[in-house]
Amino acid sequence: MATPSPASVPLAEREVIVKIEGLQKYFGKLHVLKGVDLEVRKGEVIVLIGPSGSGKSTFLRCLNFLEDPTTGDISIGGVHAMCGGHGKGFKQAVHEIRMKCGMVFQEFNLFPHKDATENVIEAPVLVKGEKKEDAVKKAHELLTKVGLAERVDYFPSQLSGGQKQRVAIARALAMDPLLMLFDEPTSALDPELIGEVLKVMKELADGGMTMIVVSHEMGFARDVADRVVYMDEGYFIEQGPPDEVFFNPKDPRTRQFLRHILPEVDPRHAAELGITEMTDEYEAAGDDASPIAQPGTDLPKTPTGPGPGGEMPLDASDRPGEPDDS
């Protein structure tokens with residue numbers, strides 16, 4: 001009897017391949033992640049949304065231990081690590097988890113002196129010990145998959161931003177990851193190049209790849225995600241299917257966020273929800289205007305500074321015009 005494909009199995013019946021429990025992260029006294037729990041099933045696509053400084057990028061970087069989580073438990077593909085651990089067993093678990101995760105960053109981080117093929121084969125050859133000829137063959141297959149069959153010998157300086165990001169996706173896939181992590185992969189691209197990267201990501205999702213994506217591309221989230229998670233101030237505030245979160249958000253913080261960001265990043269979606277621009281007319285319209293056009297105050301803008309993931313909130317003592325109370 002043939003084994004059913006993952007897509008033919010209802011999501012609720014699929015294997016849980018990612019389990020996060022009580023994940024917390026401190027940077028000194030700054031509490032960035034405040035006890036996050038998440039389960040992800042095989043082939044599921046999760047899109048994280050939320051304001052800058054909410055901890056989205058830090059959460060992704062903790063999953064593959066690019067940042068050391070302070071406390072909590074992380075299990076990916078049957079490998080478990082208790083955060084904050086030490087010793088040989090902990091280090092081995094971290095290594096195995098990293099091998100199961102592919103990550104695509106905001107920036108492309110390609111080696112400028114290596115062509116597309118050489119960038120893709122670097123990790124399989126040096127980390128996994130694959131034979132170079134086998135790695136090159138796989139690299140060409142992956143570059144073809146992301147639409148770069150005619151660019152396999154191009155250097156990064158000869159590629160557009162969208163093409164560089166697609167090389168970065170091929171590079172991550174070359175490690176045969178169980179889970180793909182995307183940290184705002186289109187944020188550094190010109191608007192006309194965003195679509196080509198989202199197309200590749202959609203094809204990966206359609207092919208059954210398990211993905212956690214941090215993105216402000218609301219159209220992508222609505223069309224591709226199985227679940228949307230709204231994150232704010234280190235917490236998962238609300239999560240559910242895209243239609244539920246976007247069209248019937250339950251938490252006022254989610255409503256405020258969507259009401260403020262949608263007109264800017266996804267006007268088409270905003271128009272569908274009856275949100276045309278950020279004006280006081282929605283304050284006056286009340287519940288009848290749209291599910292998101294609810295009375296409320298503007299979202300506070302948390303000052304941010306350079307830091308892990310590029311979205312570190314500043315301590316009060318470092319914020320302009322905010323004296324240190326200590």
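**A residue and its surroundings**

Author: Apart from neighbours within four places in sequence, the residues in contact with Asp232 are Pro51, Ser54, Ile237 and Arg253 (contact means heavy atoms within 4.5 Å). This is a predicted model, in which local features need pLDDT of at least 70 and side-chain atom pairs count only at pLDDT 80 or more, while totals for chains, interfaces and linings use all residues. Residues are numbered from 1 along each chain as its sequence is written, and side-chain values use heavy atoms, with hydrogens and water left out.

Asp232 belongs to strand S9, residues 227-232. Helices (H or I, at least four residues) and strands (E, at least two) are DSSP runs numbered from the N terminus. Asp232 is buried (under 20% relative accessible area, with exposed over 50% and partly exposed in between, for a 1.4 Å probe and protein chains only).

Elsewhere in the chain, four strands form an open antiparallel sheet in the order S2-S1-S4-S5; two strands pair if DSSP finds at least two bridges between them. From one strand to the next, the twist averages 15°. Strand S4, residues 71-76, joins S5 through four antiparallel bridges, and Asp73 has Met82 in S5 as its bridge partner. Two helices pack on this sheet. Helix H1 (residues 56-63) touches S1 (16-27), S2 and S4, and its direction makes about 120° with that of S1. Helix H2 (residues 87-100) touches S4 and S5, at about 130° to the direction of S5. Axes are lines fitted to C-alpha atoms, for helices over the stretch in contact, and angles run from 0 to 180 degrees between N-to-C directions.

The chain comprises 11 helices and 12 strands, and 49% of its 326 residues count as buried. Its mean pLDDT is 84, with 78% of residues at 70 or more; pLDDT is the predictor's confidence in each residue, from 0 to 100. Over residues 278-304 the pLDDT is below 50, and it stays under 50 over residues 319-326. Where pLDDT is low, the predicted coordinates should not be read in detail.

Conventions. Lys, Arg positive; Asp, Glu negative; His and termini not counted. Salt bridge = Lys/Arg side-chain N within 4 Å of Asp/Glu carboxyl O.
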